[in-house]
Amino acid sequence: MSTADNAERPEHGFSTRAIHAGQEPDPRTGSVVPAIYQTSTYKQDGVGGFREGYEYSRSANPTRTALQECIADLEGGGQGFAFASGLAAEDAILRGLLRPGDHMIIPTDAYGGTFRLVDKVVKAWGVDYSLAKVGHADAIRGEIRPGVTKLIWIETPTNPLLGIADIAAIAAVAHEAGVLLVVDNTFASSYLQQPLALGADVVMHSTTKYAGGHSDVVGGAVVVAKQVPVPGMEDAAERIAFHQNSLGAVSGPMDSWLVLRGLKTLSLRMERHCDNAESVVQFLQSRPDVTQIHYPGLDSHPGHDIAAAQMKRFGGMISFQLAGGEQHAVDSIGRTRLWTLGESLGGVESLIEHPARMTHASVRGTELEVPGDLIRLSVGIEDAADLIADLEQALG
Ligand SMILES: *Cc1c(COP(=O)(O)O)cnc(C)c1O
């Protein structure tokens, strides 16, 4: 029912598929846009006589099916799943694919909420973890415990330091050890980066961010590769489907519809996010009080060559450090007028935040702690000149 067979549309490009995959006009009414099936249950034609398999909306809902097919198609995967949040999607991956006694590896600068889920929930459930620097495939190899390590989790670019992981190299390390590779593709988006094509087994997104793109919905997605080459994990999609239905953290019909709507303009938005980010980086480079800029598009970025090879462009996220230290960072953030001070990212509006005190406050005192003089920007799609003028007055 929710199997996306993208072999059906090999001739179509990303933007075409973002608008049409999983979204044939309604056969009864011709409605061009998928309906919001705001229903919990479905009439059965006799006991067990489900129409197209729909029985109850936790198990399946047509609006969610459309989103699941679209996102699976965009990632070049076999099956997609939509959840109530990115973290619900992560929970389904971790507790769906791991069992108590297993071991996993996560990056030292993982998204704070991912680290908290692993450290406080999944660990208590019986899964041990190690931290490794995501930029070093050898460091990851060194943490693998043969037969016990079952999953490697990476993000690229990372949040908030924009570190780059070599997806193909890490997939090779994972597969030679019979370990599954999961990539959090939230920062790049499906448009800029295709982890499954580089060898990843599972991709996840916080669709709250670029996929939704308008800061009006919280959601998550998982896409499982068509063929998961890891022994014993052939049924990865089945396990995630089982977990999605058993735990029930599903994307509701309205939320699914909002993400579907967002995906239609993903390619356009990402191009503009990238254009604006490049302009903002140029401005930051001209400021003597900016000591470091973390943006994979810069030649000086340690992951630049890998990012250039595995990403279409370098994305809309930037972080930078200030000579004036933590107080200068906090004061500057408080002075912006156009940049909205807030958590989250990936929306059409530009956001600014202080990771050490906001998004990453929960990792203070751990190996994942981020510098106090760091500012993170989610560059929106406004006029670049306006964004730069506001940053200029805010930095003082
Ligand atoms: C926001 C985010 C998440 C968590 O997603 P939610 O939708 O907030 O639950 C996971 N990974 C990354 C990289 C994120 O930015």
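Author: The answer begins with the ligand and then turns to the cores and to several loop residues. This is a predicted model, in which local features need pLDDT of at least 70 and side-chain atom pairs count only at pLDDT 80 or more, whereas totals for chains, interfaces and linings use all residues. Residues are numbered from 1 along each chain as its sequence is written, and side-chain values use heavy atoms, with hydrogens and water left out.

The ligand is surrounded by 14 residues, of which the closest are Leu87, Asp184, Ser206, Thr208 and Lys209; a residue counts as near a molecule if one of its heavy atoms lies within 4 Å of it. This shell comprises four nonpolar, six polar and four charged residues. In this division Ala, Val, Leu, Ile, Met, Phe, Trp, Tyr, Cys and Pro are nonpolar, Asp, Glu, Lys and Arg are charged, and the others, Gly among them, are polar. Helix H3 (residues 86–97) gives the most to the shell, with three residues; helices (H or I, at least four residues) and strands (E, at least two) are DSSP runs, numbered from the N terminus.

An N or O atom in the side chain of Asp184 is 2.7 Å from a nitrogen atom of the ligand. On the oxygen side, a polar side-chain atom of Ser206 lies 2.8 Å from an oxygen atom of the ligand, and a polar side-chain atom of Lys209 lies 2.7 Å from an oxygen atom of the ligand. Taken alone, the ligand exposes 380 Å², and the protein buries 92% of that; accessible areas come from the Shrake-Rupley method with a 1.4 Å probe, and for residues only the protein chains shown count as cover.

The nonpolar interior comes next. A nonpolar core is a set of buried Ala, Val, Leu, Ile, Met, Phe, Trp, Tyr and Cys residues joined through side-chain atoms within 4.5 Å, where buried means under 20% relative accessible area, exposed over 50%, and partly exposed in between (1.4 Å probe, protein chains only). The largest core has 53 residues, and Val280, Leu284, Ile293, Ile318, Phe320 and Leu377 touch the most other members. Helix H10 (residues 266–285) gives the most to this core, with eight residues. Beyond its neighbours within four places in sequence, Leu284 is in contact (heavy atoms within 4.5 Å) with Val290, Ile293, Ile318, Phe320, Leu377 and Leu395. Apart from this core lies another, of 35 residues, among them Leu117, Val122, Val222 and Val228.

Two loop residues complete the picture. His301 is found between strand E8 (290–294) and helix H11 (304–310), and it counts as buried because its relative accessible area is 9%. Residues up to four places away in sequence aside, His301 touches Leu162, Gly163, Ile164, Tyr295 and Pro296. Its side chain reaches the backbone oxygen of Leu162 at 2.7 Å; a polar contact is a pair of N or O atoms within 3.5 Å, and within protein one must be able to donate a hydrogen and the other to accept it, while residues adjacent in sequence count only if both atoms are side-chain atoms.

Ser215, in the loop between strand E6 (202–206) and strand E7 (220–224), is partly exposed because its relative accessibility is 43%. With residues up to four places away in sequence not counted, Ser215 touches Gly347 and Glu349, and a polar contact of 2.6 Å joins the side chains of Ser215 and Glu349.
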